[in-house]
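Have the model open while you read. The text walks from a sheet to the helices, then to some backbone details.

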Amino acid sequence: MIELSIAEARRLAVAAQLLDGSAPSSVVEVVSALGALQVDPVAAVARAERMVLFSRLGPYDVTELDAALDRGDLFEYWAHIVPRSDYGIHRETMRRYPRGDLSRARYIREWLGANNAFRRYVLRELRDRGPLRSRDLEDRSTHPWRTGGWNDGKGLARLLDILWFRGEIAIVGRDGNERVWDLAARRLPHDEPRWRTAEVARAVVERGLRRKGIARRAELGRGFDGLPPGADAAFRALVRDGTAVPARITGLEGEWWAHGALLERRPTTQRTVLLSPFDRLVHDRERTAELFGFRYRLEMYVPAARREFGYYVLPILNGGELIGRVDATFERGPGVLRVDGVWAERGAPADAGAGVGAALCELGAWLGADRIRMGRRVPRVWAGSLRA
């Protein structure tokens with residue numbers, strides 16, 4: 001059992017997410033290290049997947065991401081962009097889908113069986129005519145989708161998602177925000193040998209810990225469809241070989257686990273960066289509050305009158321600390337990065353203002369903004385730097 005200060009624990013989490021100035025060299029390197037980029041079309045500033053890459057790479061050419069997807073170095077799965085190097089893990093998720101005996105899984109299996117002719121039609125059209133958009137296909141479901149949700153009656157959309165989760169079809173591009181589909185056999189490396197169950201479990205648990213840096217046991221070992229078979233045995237093996245190191249964090253309760261390789265990594269250059277609301281460093285709001293003392297929530301679905309900070313708020317990371325947040329919008333027509341508000345956390349260093357200003361300028365330049373328009377809500381401690 002090792003003892004860590006709260007600052008050391010935060011450093012591990014930041015380093016694991018490549019936010020410590022380690023300077024990754026490519027989009028593929030970042031995605032391979034993080035494991036997944038959440039895909040979200042909301043682009044008040046920039047699309048989520050692009051913003052996460054910007055926070056690690058700085059100003060980069062967004063066509064590099066498209067090129068990596070086209071080459072097959074990356075692919076989309078379960079509303080995320082994932083690396084080809086993790087295909088062995090996701091392949092087993094595809095084979096299991098829909099997993100379990102819950103009513104939702106049973107309904108999917110029954111609905112798919114009842115619409116087998118519809119499934120064959122979609123696969124045949126993609127084989128003969130693909131790649132295709134959903135609008136290029138007909139909804140030939142004989143048993144409508146009925147679960148009481150917003151997608152009731154949308155048989156084609158549900159079938160495409162199900163076939164995607166099962167690994168039968170794949171997203172091979174986009175026409176605007178509309179997905180373009182093709183047979184997965186043309187895009188994914190199905191000819192590679194399957195991983196053994198124990199290999200999958202170890203990879204999920206070890207990579208999960210490496211990508212968090214420091215975590216509680218309950219946070220580890222989950223794929224898109226939950227714990228893989230053998231996850232507990234894999235974790236015990238990681239403890240035995242010293243990969244998973246038990247730790248106590250000063251001021252926090254309970255037992256944590258650190259990745260041994262990260263414990264040996266020296267701190268690098270301190271950076272001030274803006275994070276996407278979907279960034280993996282902050283996406284678990286409870287963990288963010290406990291580990292960083294930073295209360296954060298996404299308010300885009302909260303009525304405007306009830307928002308505390310704003311529609312699309314970017315956390316500010318300074319070194320190993322979350323020191324504030326920015327409510328920003330990029331107005332593409334006039335080419336303006338509008339900053340409606342900046343907030344500093346209690347105890348945020350006064351000299352961080354220059355770094356926050358520089359981060360905003362770097363973001364604006366990457367977006368192609370001609371100017372940055374600052375609103376009135378600026379913390380007094382940083383006002384001089386930000387107004388300048």
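How many of the six residues of β7 are buried? Five are, so strand β7 is largely enclosed by the rest of the structure. Buried means under 20% relative accessible area, exposed means over 50%, and partly exposed lies in between, with a 1.4 Å probe and protein chains only. Helices (H or I, at least four residues) and strands (E, at least two) are DSSP runs, numbered from the N terminus.

A word on the source. This is a predicted model: local features need pLDDT of at least 70, side-chain atom pairs count only at pLDDT 80 or more, and totals for chains, interfaces and linings use all residues. Residues are numbered from 1 along each chain as its sequence is written, and side-chain values use heavy atoms, with hydrogens and water left out.

Now the sheet around β7. Strands of a sheet pair through backbone hydrogen bonds, either parallel or antiparallel. Here three strands form an open sheet in the order β5-β7-β6, with antiparallel pairing. β5 (132-133) and β6 (169-175) stand at the edges with a single partner strand each, so one side of each has no neighbour in the sheet. Two strands count as paired if DSSP finds at least two bridges between them.

Take β5 first. Two bridges pair it with β7 (residues 178-183) in the antiparallel sense. Leu 132 stands opposite Trp 181 in β7, and Arg 133 stands opposite Val 180. Turn to β6. Six bridges join β6 to β7, and the two run antiparallel. Asp 175 stands opposite Glu 178 of β7. The hairpin of β6 and β7 has two residues between the strands, and Gly 176 there takes a positive phi near 70 degrees.

Which residues of helix α2 (residues 27-34) are buried? They are Val 27, Val 30, Val 31 and Leu 34. These residues cover an arc of only 95 degrees around the axis, which puts them on the same side of α2. The arc is that of the directions from the helix axis to the C-beta atoms. An α-helix has 3.6 residues a turn, so residues three or four places apart point the same way. Just after α2, Gly 35 takes a positive phi of about 90 degrees.

Next, a helix pair. The axes of α9 (residues 197-212) and α10 (residues 231-240) come within 8 Å and cross at roughly 60 degrees. That makes α9 oblique to α10. Angles under 35 degrees count as roughly parallel, over 145 as roughly antiparallel, 65 to 115 as roughly perpendicular, and the rest as oblique. On the α9 side, Ala 201, Arg 202, Val 205 and Glu 206 make the contact (heavy atoms within 4.5 Å). On the α10 side, Ala 231, Ala 234, Phe 235, Ala 237 and Leu 238 take part.

Last, the backbone. Most residues other than glycine have a negative phi, and most peptide bonds are trans. The bond from Tyr 97 to Pro 98 is cis, with omega near -10 degrees. Pro 98 is found in the loop between α5 (87-96) and α6 (103-114). A cis bond also joins Gly 130 and Pro 131, with omega about 0 degrees. Pro 131 is in the loop between α7 (116-129) and β5.

Leu 18 has a positive phi, near 60 degrees. Leu 18 lies in the loop between α1 (6-16) and α2, and counts as buried at 11% relative accessibility. Ala 79 has a positive phi near 65 degrees. Ala 79 lies between β3 (74-77) and β4 (80-83), and counts as partly exposed at 38%.

Key: Axes are lines fitted to C-alpha atoms, for helices over the stretch in contact, and angles run from 0 to 180 degrees between N-to-C directions.
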